[in-house]
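Please look over the sequence and structure shown here before reading the notes below.

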Protein chains: 4
Amino acid sequence: MPRRYVITFGCPDRIGIVATIASFLAEVGGTIVEAAYHTDQDTGWFFTRQEVAADSLPFDADELRSRFAAAVAGLDGTWQVLDTGVRRRVVIMVSKEGHCLYDILGRVASGELEVDVAAVIANHPDLATITEAHGIPFHHIPFPAEGKEAAFAEVAKLVAETDPHAIVLARFMQILPAHLCSEWAGRALNIHHSFLPSFVGAKPYHQAHRRGVKLIGATCHYVTAELDAGPIIDQDVIRVGHGDSIPDMVRKGRDIEKVVLARGLRWHLENRILVHGNKTVVF
Amino acid sequence: MPRRYVITFGCPDRIGIVATIASFLAEVGGTIVEAAYHTDQDTGWFFTRQEVAADSLPFDADELRSRFAAAVAGLDGTWQVLDTGVRRRVVIMVSKEGHCLYDILGRVASGELEVDVAAVIANHPDLATITEAHGIPFHHIPFPAEGKEAAFAEVAKLVAETDPHAIVLARFMQILPAHLCSEWAGRALNIHHSFLPSFVGAKPYHQAHRRGVKLIGATCHYVTAELDAGPIIDQDVIRVGHGDSIPDMVRKGRDIEKVVLARGLRWHLENRILVHGNKTVVF
Amino acid sequence: MPRRYVITFGCPDRIGIVATIASFLAEVGGTIVEAAYHTDQDTGWFFTRQEVAADSLPFDADELRSRFAAAVAGLDGTWQVLDTGVRRRVVIMVSKEGHCLYDILGRVASGELEVDVAAVIANHPDLATITEAHGIPFHHIPFPAEGKEAAFAEVAKLVAETDPHAIVLARFMQILPAHLCSEWAGRALNIHHSFLPSFVGAKPYHQAHRRGVKLIGATCHYVTAELDAGPIIDQDVIRVGHGDSIPDMVRKGRDIEKVVLARGLRWHLENRILVHGNKTVVF
Amino acid sequence: MPRRYVITFGCPDRIGIVATIASFLAEVGGTIVEAAYHTDQDTGWFFTRQEVAADSLPFDADELRSRFAAAVAGLDGTWQVLDTGVRRRVVIMVSKEGHCLYDILGRVASGELEVDVAAVIANHPDLATITEAHGIPFHHIPFPAEGKEAAFAEVAKLVAETDPHAIVLARFMQILPAHLCSEWAGRALNIHHSFLPSFVGAKPYHQAHRRGVKLIGATCHYVTAELDAGPIIDQDVIRVGHGDSIPDMVRKGRDIEKVVLARGLRWHLENRILVHGNKTVVF
């Protein structure tokens, strides 16, 4: 894909924001490849995301950052400029279930997801072989009932070493301690195997089966200290019926879990997701 | 549609049930037009529904009932024989929002739903004109804050007079008293404008908007004394995004509410739904 | 809904278009309520749609038109300014099947679709009663095999009298002559009961049943002289199986036909659809 | 999963078929775990599929076959008894695109699909590493423009050696010669990246983009001599819009291709698919 600079910007809404940004880009000759805008009516917050063709600008990303900062100085906004020419890193955390991991590895191997998987961290050894066949380091860190704190410390150290743009909980079955939720805020994505806010917590397919629902779902969300309550990135559902046992639901659910997680991860890596309070704007 | 006898049957599972029923039907020369079976693995309960061509039998529905009773006498089951040649009656309860009512009336007018709408009961007068244009009696019963008991008594009387096979709460915004839930058990269908069990109770689209979900849903269920907790008949969802305001959600949601309610009502009238505990088998 | 001016604009892509439009709107104090942009990579054509709060401007729609014309004079574009404060008119053409008509009438009656239905034109009398109950003129124009030309002339006259913003073929089963396709270009919407380009022409559900597809669809498109080949506005599908007869498909299909047509009509009336060659941009 | 005998049976419809089969199973003490029936109204052909718990029978699969043959001797039917205790074999054919292959390998590795992948055959070497990491033989057979016949001969020999229950064309980009279609009839499954019958043949996403459709699809079907015209097993679609380029469609389409192919393969291996003319009954 051709190199692009992705500008994401948010500020209190007022007249002239788009004019300011668009005029700035026009003056420096930037070709806007994709643009999206949104104003949250409840909070009066304005959001935009703009993709600019890198080769249309006569300077580099750092120069764009400093010029853009000057251009929007009066708008009280927060912003980021992502350079798609700089390869991004992701760490994946798993347990025993491999469907989400295999799915992401396949997407990376085929070039669909342009990202480096810096490490796979697992509390079980089961998924080592395929991970390593993809040339990716696999770290098995056991989580004994009485030693979770130490295990998480080791995880935190490993993650810190690679400083990833995304930490993906790909059916990692341990609950993150609050300090890691906070340290990884806005970078840690989880896939929960229910249509949140239904069926928070453990064994959601068992809960769904007991309630007799006719659709099961999966939710990709940012991790926050409150379990399964973080900003929702994407969701999807699949139909089930009276003939579907819990194992059938588990099997059918996997197909939406992996697709929803992959979409969420892709959008995150492309800076398509702007978090606002406990909600997301997905451009 | 050609006349059919619809047999629904449930009993504790054991070997030979299908053989018993199928042999009985073969002996009397019954042509099975459609058949479905299910055994609930958790409770060991067996369910079946069979549609028999009425003109393949040399006797009428009552004779079928008495012969069938004898045939399955040893199976400790419960059963019903529906004669599709006997026109069924339905009562619809509404408030101000007409989308579900209009949808049902359109299906009846076109012959899609072969049922008599015996009455529409409403706590507001808004939907009288179109109802009456369809030639259906419209009963406006106000529900003042201090007089709901009397209003429900009047509703109960009206319903009792027509003895309907289905009472459809088509966005009727009042909570049924427990004694009516009990009196109408298995006949009262509600459409709830959320993907249950998410967002029980009032203003589910507001709740959905606040949580930032990416799909909204609708659920058709049998009414029970516990609010929005009855056996689920059908559910569906539609995608929403950050750009959808609450009124947008209300509007988009209507399109699934009416479809889900119509499907549920159709299945109910065709005896396709077998309730078992708090769950449904939908054949 | 608060009054808005909806600007739609298309021109050959170049640097500075957004800046030009946004700066113009900022200078006159316009509050942009919603904005979308797209550039077609194949043809290099730029599209935008902007909703401006009417009460944020110190002048009326005509003044906006003349100022906007001046502002974009150098861009070689085509544009339109829709004033949502001016009520729009629609003519609906039907045959015997009422599901799409009833659906639209219900949406208008509830205020969901803010439009005047100026007339319903039908080649059969079946749908007169309900149409007239909504207070809408119903014109029955028979289409005898040997007199279609005269019938279409009468239709054309009726349509011309109301000069509608949309002519909706809501399961009207006659093929429009080329001269009407041309006269009504960009205003005539059809709902075709298949997932185009599959099953063009007559009896698409029969074709679908014969091919053994597992999903059936509906397509809303602008009418052009080539049958079922105009620019697609929206499509949707619903699952079918081996147990579904042709009448089952017809019934299930209706539920997507009416939803897809209603979405298309709504987008058309809100100027959300920009036609470009034989494709649509839907903002 | 507990061992089961899966009986599939088809014959001209008549009264007493279900009674015959159910009585036979009741007499030998067979516990029916799942049962489905269908009669094709156009051809008057009856179909059934029954899963019997193996440990409920006092004899083995061969004895069941011989007794069942006697029981249904008078019905002019065709039937099969599948023993799920006998592990099945599959051969996968691929080109360069790995998403379907990786998906199937992941399902096999996790135990979701209980099958042996006997071989992967490819006309390009790209997918060797991951295949071999799963412990599966990878055969690279080049298909030069002038030597396809020889290449197919080699493929045919490899396939014959493993005598697989399914040959899966997982985005294998070569057209099978008629004699292989015939030799593999009922065992060769293809995934076509369109919603058939739309966009038969090469580059369906390009065709879809050109037509401006709003949904793209994938179709799993049995391979027959006429290209992309065999009996459809399953289909699904995903929404696209004006912003989706052809590469976007290719990427989004992959997510449905792999799910639809996996469903089709699973159903095929479980003998859930009964082919009748050019259509399928999927139980």
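This is a predicted model: local features need pLDDT of at least 70, side-chain atom pairs count only at pLDDT 80 or more; totals for chains, interfaces and linings use all residues.

Residues are numbered from 1 along each chain as its sequence is written, chains are lettered from A and ligands numbered from 1 in the order in which they are written, and side-chain values use heavy atoms, with hydrogens and water left out.

**Interface of chains A and B**

- Chain A and chain B each give 33 residues to their contact, where contact means heavy atoms within 4.5 Å.
- About 2700 Å² is buried between chain A and chain B, with carbon and sulfur atoms giving 54% of it; buried area is the accessible area (1.4 Å probe) that two parts lose on being put together, summed over both.
- Of the area that chain A buries against chain B, 26% comes from Arg211(A), Lys214(A) and His242(A), more than from any other three residues.
- Four salt bridges are counted between chain A and chain B, a salt bridge being a side-chain nitrogen of Lys or Arg within 4 Å of a carboxyl oxygen of Asp or Glu.
- One salt bridge pairs Arg239(A) with Asp236(B), with 3.7 Å between the closest N and O atoms.
- There are 19 residue pairs in polar contact across the interface of chain A and chain B, both residues at pLDDT 80 or more. A polar contact is a pair of N or O atoms within 3.5 Å; within protein, one must be able to donate a hydrogen and the other to accept it, and residues adjacent in sequence count only if both atoms are side-chain atoms.
- On the side of chain A that touches chain B, helix H7 (204-211), E11 and strand E13 (279-282) of chain A give two or more residues. Helices (H or I, at least four residues) and strands (E, at least two) are DSSP runs, numbered from the N terminus.
- E11(A) gives the most to this side, with seven residues.

**Interface of chains C and D**

- In this pair, 33 residues of chain D are in contact with 33 residues of chain C.
- The area buried between chain D and chain C is about 2700 Å², and carbon and sulfur atoms give 54% of that area.
- Arg211(D), Lys214(D) and His242(D) supply 27% of what chain D buries against chain C, more than any other three residues.
- Between chain D and chain C the count is four salt bridges.
- Asp234(C) and Arg239(D) form a salt bridge, their closest N and O atoms 3.0 Å apart.

**Two buried residues**

- His209(C) lies in helix H7 (residues 204-211) of chain C and is buried, at a relative accessible area of 12%. Buried means under 20% relative accessible area, exposed over 50%, partly exposed in between (1.4 Å probe, protein chains only).
- Leaving aside neighbours within four places in sequence, the contacts of His209(C) include Asp244(C) and Met249(C), as well as Asp42(D) and Lys279(D).
- Asp244(A) sits in the loop between strand E11 (232-239) and helix H8 (246-269) of chain A, and is buried, with a relative accessible area of 10%.
- Not counting residues up to four places away in sequence, Asp244(A) touches His209(A), Met249(A) and Lys252(A).

**Annotated domain**

- An unreviewed UniProt entry carries the annotation "domain: ACT" for residues 6-89 of chain A; UniProt positions are given in the numbering used here, feature names are shortened, and annotations may be inferred rather than shown by experiment.
- Residues 6-89 of chain A are 26% helix and 39% strand, and their end C-alpha atoms lie 17 Å apart.
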